[in-house]
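Good morning, and thank you for coming. Please look at the sequence and the structure that I am about to show.

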Amino acid sequence: MADTLTLFTSIGLSEQRTKETLKNEALSSALREAIAQAQSVQSGGSSSGVDKAMGTLLYNMVSRLKDPKHLALLARHIAQRKIRTELQLAAALDFLKNHRGGDSAVDQRELEVACGVGVVVTPEQIQAAVKAALERHREQLLGERYHFNAGLLVGEARTALRWADGRSVRDEVDAQLLRLLGAKTKADLETKKPKATKAFKNAPENAEENANKPAEVVTAKKTTEDATSTSTSLLDQLRGEALKFHKAGENYKTEGYVTTPSTAALLRRHLEATGGRVRTRFPPEPNGILHIGHAKAINFNFGYAKANDGICFLRYDDTNPEKEEERYFSGIREMVEWLGYEPHAVTHASDHFGRLYDLAKDLVARGHAYVCHQRVEEMRGRSDRTAAPSPWRDRPVHESLTLFERMRKGVFAEGEATLRMKTVMEDGKADPVAYRIKYTPHHRTGNAWCIYPTYDYTHCLCDSMENITHSLCTKEFQARRSSYYWLCNALDAYCPVQWEYGRLNFTYTVVSKRKIVRLVDSGAVRDWDDPRLFTLTALRRRGFPPRAINEFCARVGVTVSQVTTEPHLLEACVREELNETAPRAMAVLEPLRVTITNLPEDSVTTELSVPDFPADEARGSHVVPFGRTIFIERGDFMEETTVAGYKRLTPRQPVGLRHAGYVISIARVVKDSRGEVTELEVTCRSSGTTMDPLDKPKDPLDKPKDPLDMKPKAFIHWVSEPLRCEVRLYERLFLHKNPEDPSEVPGGFLSDVNPDSMRVVGSALVDRSVRSAKAFDKFQFERVGYFSLDPDSTGDKLVFNRTVSLREDPGKI
């Protein structure tokens, strides 16, 4: 194992990628063989000749190669620098799909022509192709200047010169743009409203706020926000990949798409049914609550459809009744709508159970599927490289049809029979299961079925039935792309195009549904919506605004590579949003009683008007009482100054009271029998003059002689006649960055739970302006942080969750 790890890292694979590869025995074996073949071509047979670029091509080759008989041929071409780019490799793999007879059946000259071996694209050709692209868009370029999407020019030039080096094309585009437009002006450097904004006008920039407003109000507000926005829209982030996307009905133009004699007719019928509109779908499994990674998928699927005036379905992949519950169905839709998206239609895989069953029989009748009696443990992890085919693979069609009918009627026990497809996935997995037996009532169909289709069988066919144009999924489903195309074509059904993008991962958390269940069962968290988790319900309960989550997804963008990000990047989006939308209030988490002695005991409580947003007082205000007794944060007083630069209240240092217009100075420190400070007696004066609050000109306060009467160095917050509340302060749920990595956490993720991930402050005080707040309402408690009202709140006790601190703190979530 150690030798293999060293071998794989020596060719440029990251340690994480190497560990993932070693978990797949078939992939590891194929990669070792490919490296050996490349080494045999290199001088001296050393791995030192296999550089990172070559190693990446070898890895991508073995992970996508359907027929291992061609491994040696491709490895040699890569080692000989005949295949130098991903584009060439993809072309070679496509070419070899139709050659199952091994290397001897391959015309190597045809292969090399198909993947551009030896083709030299000269600088002059690149220059000419770029010039032609610029001429086609010259008028628009002169109008939009550097705001024009230069990626379009690169894409057109690459189309004209298939084997051109991408970097060289990009450099030439930049050079010709400079010659045409000159240096960038100040206007060129200003942020321009993204073109995609119009497509997102119904999207969720502020879903909660917009929910009950008339459409014209929302549109007007959104237009203003778009005009002033400085962030890049999701679609602009996407454009680098979206340029590769096919237009509706032009599926066949996509690299790797498999066509058949029926393809043209099927695409015509598809266009008649859809009118040429983009159609996407978001297909979650209703066996858990959506997490932050799903937010990216939701934004991508719904956003791409909106950006192209298309439609997006919410389709539940409800094919596993053992793990599905009603709360997951409703919870998923609730979160989609919370993020601001409205599905064109809500569908279920179970809507198509009858049709899927008929298609399965058709697949058997065509000789593409068979009933198998191997047990799950016999099939798990096997591939055509590591195991012999099923002994039932070649059973007669009529026999499989009869047995499949018996499966449907409940003759077999669970695990006694499956229906398997005669295909090999891109990761080498052979004959995936299409149907299995489960004697579990279904959430929607009850006991009507005892056999249920798998994802590998259902997903592409549901996409086909719903006339999806772009089947967008995360990178781990790339290994299913070939079987996706194979199954649609095997049944002469319309075949959508599958596009993959990198999934979004977070450090210091887990998002696996199975692992979240273990966290709940162990008592580490309360439920799926525990604010320490990164499920969407948890983030909502924590107080994360949907607009901030969508903004975060836009900043992450949609790339083909896997993205692992730190929680503080999401928090930054949350702070930016809440700074603009969360009204201010004052709260004290660790109260210290303060009595203002120069206010008479029978003095009337004053009501002060405090702005909701101090930076923009026109946005409203609220009223707070101010009386003889107030409460301040215990940390805002220090009897003996032990901290350098401490600017808050001390016996020799006065402070101002925010919004009150008064400065307080210590008159007496009251302590209990243990010597702990229990109360402060202070005097106060106006922060603008030396007059006291009662405006008595003969009061000694009118004659400041002490340095204490000077302008205060700081202003602190306070509360008077407050409400008692509970405040929950959260930190990271796990102690280590990667709690699922056994090398980092040998005891498993449950052993890494942070025992101090939640601290409850049961006797906090908050000003009365929040009395009428509703669950999920958000506030900035001045000088403390951003908080959201928890649904646990009652009429007698408010409960607040700290959403984020006012500033980034690496120790917080």
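I begin with a pair of helices: the axes of helix α3 (residues 25-41) and helix α5 (residues 71-79) come within 8 Å and cross at roughly 50°. Axes here are lines fitted to C-alpha atoms, for helices over the stretch in contact, and angles run from 0 to 180 degrees between N-to-C directions. That angle makes α3 oblique to α5. Angles under 35 degrees count as roughly parallel, over 145 as roughly antiparallel, 65 to 115 as roughly perpendicular, and the rest as oblique.

This is a predicted model: local features need pLDDT of at least 70, side-chain atom pairs count only at pLDDT 80 or more, and totals for chains, interfaces and linings use all residues. Residues are numbered from 1 along each chain as its sequence is written, and side-chain values use heavy atoms, with hydrogens and water left out.

Which residues of α3 and α5 meet? From α3 they are Ala 30, Glu 33, Ala 34, Gln 37, Ala 38 and Val 41, and from α5 Leu 71, Ala 72, Ala 75, Arg 76 and Ala 79. Contact means heavy atoms within 4.5 Å. By class, this contact has eight nonpolar, one polar and two charged residues. Ala, Val, Leu, Ile, Met, Phe, Trp, Tyr, Cys and Pro count as nonpolar, Asp, Glu, Lys and Arg as charged, and the others, Gly among them, as polar.

Let us turn to the protein as a whole. The secondary structure comes to 27 helices and 26 strands; helices (H or I, at least four residues) and strands (E, at least two) are DSSP runs, numbered from the N terminus. Of the 813 residues, 51% are buried. Buried means under 20% relative accessible area, exposed over 50%, and partly exposed in between (1.4 Å probe, protein chains only).

The largest nonpolar core has 81 residues. Such a core is a set of buried Ala, Val, Leu, Ile, Met, Phe, Trp, Tyr and Cys residues joined through side-chain atoms within 4.5 Å. Helix α17 (residues 292-307) gives the largest share of this core, eight residues. A second, separate core of 35 residues includes Ile 11, Tyr 59, Leu 111 and Cys 115.

Finally, consider a loop residue. Pro 343 lies between α18 (326-338) and β3 (345-348). Is Pro 343 buried or exposed? Pro 343 counts as buried, at 9% relative accessibility. Not counting residues up to four places away in sequence, Pro 343 touches Phe 302, Cys 312, Leu 314 and Val 336.
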